[in-house]
Amino acid sequence: MEIVMQAVISGLLMGAVYGLTALGLTLIFGIMKVINWAHGSFIMIGMFAGYWLWALTGIDPYLGLIIVVPFCFVLGYFVQDILIKPVFKSEVGVREPIGVLMLTAGLWIFLDNFALLLFGAFYRTARTSYTGLTYRIGEILVSAPRLYAFLITIGSAYILYVFLKKTKLGRAIRATGQDRDTASLMGIDIYHIYNISFGIAIAITGMVGALLVPFYYVHPSAGFVFDIRAFIIVVLGGLGSIPGAILGGLLIGLIESVGAQYMTATWTQGIIFGVFLAVLYIRPSGMFGFKQEW
Amino acid sequence: MFHYKTKSSWKKLIAFTTIVSFILISSFVGGAIGAETAKEVKIGNVLPLSGDVAPIGKIGQYARKMAVEEINAAGGIKSLGGAKLKMVYADSRSDSKVGATETERLIFREKVSIITGCYQSGVTYPSTAVAERYKTPFFVPVSVMDKITERGFKYTFRLAAKASWWGRDQFAFIDEMGKKTGKHAETAALIYENTDWGQSTAEGWKEEAPKYGIEIVLDEPYPHTAPDLTPVIIKLKKSEADVALFVSYVADAILLANTIAEMKVDTLAFISSAGGQADPQWLLNTGKNARYMFDIAEWETDLGSPGTKETAEKFYKKYGLVMPAEAVNAYASMYVIADVLERAASTDPEKIREAFTKTHITTGPAMLVPYDVISFDESGQNPNANLVMTQVREVNGKLERVSVWPSTAARKGWQPIWPMPKWEERK
């Protein structure tokens with residue numbers, strides 16, 4: 001029984017991180033109707049940013065969030081403004097716009113290889129005071145950095161939700177997501193909203209990277225490991241849904257952790273993809289049935 | 001149209017006859033040169049010298065070159081009137097078909113007396129078959145596939161251990177440690193990456209374990225690209241296995257060791273199979289978490305055999321590369337060949353084969369490999385090819401891989417620590 005509890009807790013902790021990786025992806029899709037293939041690369045950038053801050057200046061990875069998150073916001077803002085916007089504009093009237101898709105795919109390959117060139121194919125691990133620290137509750141061990149990552153994830157997802165629901169800018173973002181032409185007619189500068197939305201999404205994605213630093217290795221291809229997960233979760237939770245992304249992440253974490261106690265880890269991977277295919281087939285709008293909030 | 005076709009076939013015929021006559025003439029000339037310079041023994045080497053694996057192929061080439069330079073400088077093969085070893089290299093391009101045709105070319109065109117190679121088992125397997133057909137001795141320094149020396153061949157000889165011996169030695173070690181310390185392992189957990197490499201290793205384990213009365217309580221193949229391996233480690237903890245065996249690449253090996261420390265999994269020992277855990281990056285990314293973990297290897301720089309340090313240093317100075325196990329085997333192979341030729345006192349393949357079967361080397365540079373004896377059994381396999389068990393230990397405040405088993409190969413003054421200290425009791 002303790003083992004099952006242990007598996008449930010470990011699964012939820014990791015699941016929250018998966019959920020947060022999916023959040024940035026679902027946000028961009030919900031608002032811009034764009035699939036960001038370079039998503040994993042931005043996780044990797046967040047990782048390296050957090051890691052180098054810690055390695056070079058000794059700034060704690062959690063404290064480093066104050067720098068990493070705004071940095072990633074600015075990065076995302078300008079990637080959208082300079083790279084994506086022109087392609088987006090040129091395809092406004094096109095029936096099947098794939099230019100942006102190709103652009104982000106190219107960006108992914110470029111960023112991963114650029115990191116490889118810059119940092120080499122080395123694995124790096126930050127050794128903070130709480131790396132490997134565990135809290136003990138009865139027989140159950142809870143990894144401290146994973147617990148912190150879990151709490152920060154839930155907190156930031158909630159803040160984002162409130163921001164989108166209650167603030168004027170949040171409403172403008174949602175309006176743009178719902179119907180960009182109408183939003184534009186209502187006086188919203190949709191390209192400015194796109195810049196901000198992309199910035200927010202990349203800020204969240206970079207934050208995941210930084211949160212992983214205390215308990216994960218940093219490597220130019222480390223983002224890709226989480227990338228595939230993120231895509232599955234976005235589909236599970238419903239494209240564009242914030243609660244869907246977090247719940248989908250938690251579900252995947254649980255399947256992976258609890259499922260592995262009854263079958264081999266190879267099988268749980270198969271099951272995750274099986275669920276993914278089943279949801280696509282039976283409920284393409286996501287298994288939780290959240291209404292599109294945009 | 002017809003006219004054109006005739007012309008084209010004429011051209012082909014001319015080209016064909018030119019090539020054939022060229023080959024005939026050059027082979028006569030080649031034969032003539034060979035007869036004139038009987039003062040050298042040609043050794044063919046099939047190696048992957050281009051493509052992905054080229055860096056390792058080149059290392060094998062450097063190691064051979066270094067050994068041959070030394071042998072020739074010391075007077076060559078004395079029983080052949082000081083004949084020098086002459087190396088002929090052929091590029092396999094990591095392709096089994098190319099390896100086989102290059103072997104054929106070395107035998108017929110280059111008229112080599114012995115062939116070595118080919119690094120990859122997949123290339124060595126068909127190439128040795130070609131050499132067998134033409135009765136030319138083929139000496140294999142590293143390829144590990146079991147079957148290479150299990151086909152009843154008379155002309156194939158292998159220095160290195162077979163793939164299945166890795167698992168054999170891991171279990172022999174577990175058994176010996178149990179007897180020595182009284183802490184017997186009765187159950188084992190097998191945790192391995194789920195591709196061909198991990199699965200074939202695990203099959204070997206499943207054959208070995210029952211021989212020592214060890215029950216397998218966890219058989220866990222995992223995808224090495226999984227973002228989180230905590231579920232696997234929780235399972236390991238639940239299984240309460242006495243020992244855990246691993247086959248991993250680097251990234252997953254890092255996650256496994258760090259998660260084991262996090263989940264405080266206590267076993268008698270963790271033993272890995274020279275994959276990710278042998279990569280220097282593993283230790284850098286796990287640090288103290290890797291302490292007391294065992295890893296089996298072909299060769300280590302701290303081995304006690306005389307000349308190890310000097311040879312490794314010379315290699316580094318000459319080529320700017322750390323000498324890996326492949327290089328050590330290639331280097332030692334040349335000395336084995338020199339010994340064989342010395343006793344054969346002939347370049348006749350039949351006499352060389354005879355000499356190979358009577359090999360019994362216990363001293364000299366060939367003993368850089370950590371074996372007690374180099375000899376070849378009926379199948380052509382060196383039955384004494386054992387492996388080395390290393391343990392991550394603190395040496396002067398720094399974590400290092402220390403060779404601890406078998407005792408003949410252990411670093412001076414070092415003993416394996418079995419069982420490993422419990423996580424709660426470590427500071």
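How far apart are the mean positions of the positive and negative charges of chain A?

**Figure 1. Charges of chain A.** Those mean positions, for 17 positive and 13 negative charges, sit 5 Å apart. Lys and Arg count as positive, Asp and Glu as negative, with His and the chain ends not counted; each charge is placed at NZ of Lys, CZ of Arg, CG of Asp or CD of Glu. This is a predicted model, where local features need pLDDT of at least 70, side-chain atom pairs count only at pLDDT 80 or more, and totals for chains, interfaces and linings use all residues. Residues are numbered from 1 along each chain as its sequence is written, chains are lettered from A and ligands numbered from 1 in the order written, and side-chain values use heavy atoms, leaving out hydrogens and water.

**Figure 2. Secondary structure of chain A.** Chain A has 11 helices and 2 strands (DSSP runs numbered from the N terminus: H or I of at least four residues for helices, E of at least two for strands). Going along the sequence, the order is α-α-α-α-β-β-α-α-α-α-α-α-α. The C-alpha trace spans about 60 × 45 × 35 Å along its principal axes.

Figure 3. B:Thr187 belongs to strand 6 of chain B, residues 187–193.
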